[in-house]
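Let us walk through a predicted model together.

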Amino acid sequence: MLTAQKKKARLTIFFFLVVPVVLLITFSYYPCICLVRYSFTNWNGYAPTSKFVGLKNYINLFTSGDFSVIFRNMLIHSVMILGLQTILALYQSVIFSSNLRGRKIFFSLLFLPYVFNDVAVSLIFGYMYSYTTSPVNILLNSMGLGQYAVRFISLSWTTNIWISFVHLWKYTGLCMILFYSALKSVPTELYEASALDGATTVQQLRYITLPSTKSVVILNLFLTLNGAIQLFSEPQLITQGGPGNTTQTLATYVYQLAFTHSKFGKASAVGVLLVVILFIVWIAKSIVIKKEVE
Amino acid sequence: MKKLLSLALVLVMVLSCASFASAEEKLEGTITLMTFKANKDVEINAMVEAYEAAHPGVDIVVEYETDDNVVYTRFAAEDAADITFIPGSLNLTTTTYADYFLPLDDLGFDSATMVGLDGCRGADGKLYMVPGGVIYRGILYNKAVFKKLGLEAPKSLDEFWTVCETLKQNGVVPYCTTFINDGYTMDTQMCEVGDYYMASPNYRNEMVALDAPFSYDTNLQFVKIIRECIDRGYVEADMYSYTGTECTNDFIAGKLAMTSNGDYMVPYYVSSGMAEEDIGMFPYPGTDTLVVNTDICYAIYKGCKNVPLAKDFLKYMFGEGNFPARCGLTPPTVGAPVSAPVAELLALYPADKIITSAANSDDFNAIISEAEMDLHGFVQNLLSAADPQAVVDEYNAKWKQAKDELGL
């Protein structure tokens, strides 16, 4: 038998929970279910009706030549962003956690790109990557080294590296803040004691800093991977997924299918694939972090 | 008798007042107009203000929307603007026009006085849309540069190559490919310009009967010419990163001499500081027919709550409101004034060689959609591939497969 106080407490909990749960179901889970449902239809995005086509959208997706290019691009972005961003952010945070003169200014400057709008950043880099207006090429030309001018945008897979770099430039500052916070939580006594024992800076990094910040590094790695897989604004605004299909990502492909070809059914199938990949990443993250905690 | 007459007179007066009042009532209230011409907001707002001043109690809300996806969402939610532009990517079939739009046959638009109206009819023969303007295509060239180098507009392909070589020798980039240009220009080099080379208003629809419709001997002739321009070094230094804005700036500055585009670029160049007399247009090398295209159309959405006002305003837009010209387009009205470069272009064609392009058929649109053909990407691939014939073969195979799947 529940006491009146317990009943009241449960009611309070219920009313507190009902609003966020309803909002979550309405705006997160229901659209997700709709996405899966549409992925089995030929919906064109605006008609009130659509036809069930079974697995056709998924079969088309996996058998089309576009998919291998998109998958290749996803791998390039993941490796570039995951590897370089983490290394750079860790390096910067280690430097800034020391007593470097003027570190606050540098710290702010490195974090600044994160507060810039994606569209503005992409426009700036569109200008930077133009063969004729790129400051790099202008400098090379002025030095008489015009033959070494860089063709940033081309049909080569390397164009994806430059696209990744934009993301890297924007988000390394945020990554650095996370690492910096983790570093600051490491007791200074550990460094002092190790210094007395004759530990070098590299040894301190290897045996104190990295183990102490491991969980933050892992979390950050997964968040970064998440961002790399979902890359959209940079390729969409700088190259529109082109030239040809060179810089197409899963997200830009969804956009193109939906709004260029009116194929919301197939776009939904790609959306489902994206959700599945991100779900796998999330599960992997949970398992790894759980192991770390244990 | 007098009483009866007075009563009748009063009745007539009351009735006429009532009918007058009801006619006035029809032109009150609010409607929305959705247009993608966000860069022409000042001109469009002036048109709306003039209409509102002439019709007190009327409020026209203009929504400027450059993203097709917003139109999709509004259609899906059955909440489209009362008068809306219809993005080409919507790929509506003529059989579904009646599901989305109101017929406009009572507005007095006539195929004899307005270009391109036949392509705006639904499968039921009713008129559902009005073209936002007409487009004359050709090679736009900087006349001042040509004059300075003693050049004249080429009349044949051989003359075109001679002109290109002279320009190159004098440090001017002869031709801009507009390779990237925000994803809408390259496909026209095959579709609309393809019509010019096929000298047919209906070639794209005739393609439906073919299993391998893409060929360098037919609709890809101009793409072949651009490719040769690239091979001969007649184009911009790096076409993969050269933007439309750079192309425009260099064209105006005289660093670049020619580009393929529509006459809608003329007001754009003029508003950017170029004198209209310095802009010229000449026909695509090797063609003898001018195929006029129509721009994006406007229609009244079926769910419109104020139909009389929407119809009156639409009629005003394409009448005294002069909406197409305000948008920087040549109005679709027959005999409407054209810019100097278009007049120069039209003078080169006999009357029977100026034809109007037919609208894409439902079957053509269905194949393009089924095959997921990104025609802009197709032309990009044709221009950059080591083996362009392999690209042609790939797209022909895609076309055939889509045709088979659709049972056409």
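The side chain of B:Ser241 reaches across to chain A, where the backbone nitrogen of A:Tyr131 lies 2.7 Å away. The side chain of B:Ser241 also makes a polar contact within chain B, with the side chain of B:Asp238 at 2.6 Å.

Where is B:Ser241 placed in chain B? Find the loop between helix 10 (221-231) and helix 11 (244-253) of that chain. Is B:Ser241 buried or exposed? Its relative accessible area is 5%, so B:Ser241 counts as buried, the cut-off being under 20%. Look at what it touches: the list includes A:Tyr129, A:Ser130 and A:Ile153 from chain A, and B:Ile180 and B:Glu246 from chain B.

Now step back. How many residues are in contact across the two chains? Chain A brings 31, and chain B brings 28. The size of an interface is often given as the accessible area lost when the parts come together. Here about 2400 Å² is buried between chain A and chain B, and carbon and sulfur atoms give 49% of that. Three residues stand out: A:Tyr46, A:Phe259 and A:His261 supply 28% of the area that chain A buries against chain B, more than any other three.

Polar links cross the interface too. Between chain A and chain B there are 9 residue pairs in polar contact. The salt bridges number 3. One of them joins A:Lys56 to B:Glu405, with the closest N and O atoms 4.0 Å apart.

Which helix gives the largest share of chain A's side? Helix 11 of chain A does, with 6 residues. By class, that side has 15 nonpolar, 12 polar and 4 charged residues.

Key. Residues are numbered from 1 along each chain as its sequence is written. Chains are lettered from A and ligands numbered from 1 in the order in which they are written. This is a predicted model: local features need pLDDT of at least 70, side-chain atom pairs count only at pLDDT 80 or more; totals for chains, interfaces and linings use all residues. Side-chain values use heavy atoms; hydrogens and water are left out. Contact means heavy atoms within 4.5 Å. Buried area is the accessible area (1.4 Å probe) that two parts lose on being put together, summed over both. A salt bridge is a side-chain nitrogen of Lys or Arg within 4 Å of a carboxyl oxygen of Asp or Glu. A polar contact is a pair of N or O atoms within 3.5 Å; within protein, one must be able to donate a hydrogen and the other to accept it, and residues adjacent in sequence count only if both atoms are side-chain atoms. Helices (H or I, at least four residues) and strands (E, at least two) are DSSP runs, numbered from the N terminus. Ala, Val, Leu, Ile, Met, Phe, Trp, Tyr, Cys and Pro count as nonpolar, Asp, Glu, Lys and Arg as charged, and the others, Gly among them, as polar. Buried means under 20% relative accessible area, exposed over 50%, partly exposed in between (1.4 Å probe, protein chains only). Lists of a residue's contacts leave out its neighbours within four places in sequence.
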